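Subject: Handing over a structure, with notes on what was found

Dear colleague,

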Amino acid sequence: MDYLPITIKIVSANILIVGGGKVATHKAQILARFTTHATIVAPEITEELKALPFHIKEKTFEAADLDGVQLLFVCTGDHELNHHIKELAAERHILTSVCDDPAQCDFISPAIYRNDNLTIAVGSDSRDVKRSIRVRNRIKELIENGTLQID
Ligand SMILES: C[C@@]1(CC(=O)O)c2cc3[nH]c(cc4nc(cc5[nH]c(cc(n2)[C@H]1CCC(=O)O)[C@@](C)(CC(=O)O)[C@@H]5CCC(=O)O)C(CC(=O)O)=C4CCC(=O)O)c(CCC(=O)O)c3CC(=O)O
Ligand SMILES: NC(=O)C1=CN([C@@H]2O[C@H](COP(=O)(O)OP(=O)(O)OC[C@H]3O[C@@H](n4cnc5c(N)ncnc54)[C@H](O)[C@@H]3O)[C@@H](O)[C@H]2O)C=CC1
């Protein structure tokens, strides 16, 4: 067990997503349910991502983009670049998640079901993300069809 499940107050945190493709978009869409305060940096950014209320920097990543960042999602499609960004972030003690390398993640994102203030977060210690999604979906279904009472 390498991961402690905690919930982090992010309302005024400086969050950066590097990458603007499919994965960055799904991370940003989930993040947008919790905050309007985040920055995206990538030379190519999807229209769905641009539609979110985040600060968009349409350019190649530079080390200076890490200035003041507290929580970092590294989501480019380039494995070597992701690794390099993680190293720069580690020097700056920034909590970092690397989308294509669980072993490099300081934190990992669970599959979330949220109902008002109740959050159910399912994780597999990064071992089996499809299982986490499956179990979250089952819990959601049981709650929404009334089989599992949460009140
Ligand atoms: C370790 C972790 C790190 C992290 O990203 O935090 C990680 C890593 C990887 N994911 C991969 C694949 C996919 N991940 C998703 C989706 C989600 N991934 C999420 C979490 C995590 N993913 C963390 C582990 C959590 C745990 O402990 O179980 C979710 C739950 C939460 C979120 O992203 O916020 C979110 C669901 C959101 C929702 O439904 O609400 C989909 C489906 C989709 O995209 O639709 C696919 C395609 C699957 C397919 O192949 O069908 C690959 C292989 C890439 C490859 O092989 O190329 C890696 C890398 C690897 O494992 O090596
Ligand atoms: N953690 C997760 O949940 C998942 C992770 N993955 C992994 O995520 C990785 C990314 O996949 P996609 O988003 O589909 O790739 P993609 O090709 O759609 O997007 C790549 C993004 O990286 C950006 N980029 C490239 N060079 C850059 C630079 N120098 N600076 C800043 N941004 C740069 C591009 O502009 C583009 O926006 C893959 O390696 C895949 O294995 C895939 C599915 C889910």
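Lys-86 and Asp-106 form a salt bridge whose closest N and O atoms are 2.8 Å apart, where a salt bridge is a side-chain nitrogen of Lys or Arg within 4 Å of a carboxyl oxygen of Asp or Glu. Lys-86 lies in helix α3 (residues 79–91) and Asp-106 in the loop between β5 (95–98) and β6 (111–115), so the pair ties together parts that are 20 residues apart in sequence. Helices (H or I, at least four residues) and strands (E, at least two) are DSSP runs, numbered from the N terminus. Lys-86 counts as buried at 9% relative accessibility, whereas Asp-106, at 37%, counts as partly exposed; buried means under 20% relative accessible area, exposed over 50%, and partly exposed in between, with a 1.4 Å probe and protein chains only.

Before you go further, please keep in mind that this is a predicted model, in which local features need pLDDT of at least 70 and side-chain atom pairs count only at pLDDT 80 or more, while totals for chains, interfaces and linings use all residues. Residues are numbered from 1 along each chain as its sequence is written, chains are lettered from A and ligands numbered from 1 in the order in which they are written, and side-chain values use heavy atoms, with hydrogens and water left out.

By the salt-bridge rule the count comes to 8. One of them joins Arg-92 to Glu-91, with the closest N and O atoms 3.7 Å apart; Arg-92 is partly exposed at a relative accessible area of 35%, and Glu-91 is exposed at 57%. Another links Lys-140 with Glu-144 at 3.4 Å between the closest N and O atoms, and both residues lie in helix α4 (residues 129–144), 4 residues apart, which is about one turn of the helix. Lys-140 counts as partly exposed, at 34% relative accessibility, and Glu-144 as exposed, at 52%. Salt bridges that share partners also join Lys-57, Lys-59, Glu-62 and Asp-65 into one network.

Asp-65, a member of that network, is placed in the loop between β3 (55–57) and β4 (71–74). With a relative accessibility of 7%, Asp-65 counts as buried. Its side chain makes a polar contact with the side chain of Lys-57 at 2.9 Å, and the side chain of Asp-65 also reaches the backbone nitrogen of Glu-62 at 2.7 Å. A polar contact here is a pair of N or O atoms within 3.5 Å; within protein, one must be able to donate a hydrogen and the other to accept it, and residues adjacent in sequence count only if both atoms are side-chain atoms.

Ligand 2 is the next item. Of the 19 residues around ligand 2, those that come nearest are Gly-20, Gly-21, Val-23, Glu-44 and Phe-61, a residue being near if one of its heavy atoms lies within 4 Å. Oxygen atoms of the ligand lie 2.8 Å from a polar backbone atom of Gly-20, 3.0 Å from a backbone N or O atom of Gly-21 and 3.2 Å from a polar backbone atom of Lys-22. The protein covers 66% of the 880 Å² of accessible area that ligand 2 has on its own, as computed by the Shrake-Rupley method with a 1.4 Å probe, where for residues only the protein chains shown count as cover. Helix α1 (residues 22–31) gives the most to the shell around ligand 2, with 4 residues.

Turning to the segment before β1, Leu-4 lies there, β1 spanning 15–18, and Leu-4 is exposed, with a relative accessible area of 68%. Thr-7 is placed in the segment before β1 as well and is exposed at 78%. Thr-7 and Thr-119 are 112 residues apart in sequence and 9.6 Å apart in space, C-alpha to C-alpha.

Finally, two backbone angles deserve a look. Most residues other than glycine have a negative phi. The phi of His-93, however, is near 55°, a positive value; His-93 sits in the loop between α3 and β5 and counts as exposed at 73% relative accessibility. Ser-126 has a positive phi of about 75° although it is not a glycine, and Ser-126 is found in the loop between β7 (118–122) and α4, where it is partly exposed at 28%.

With best regards
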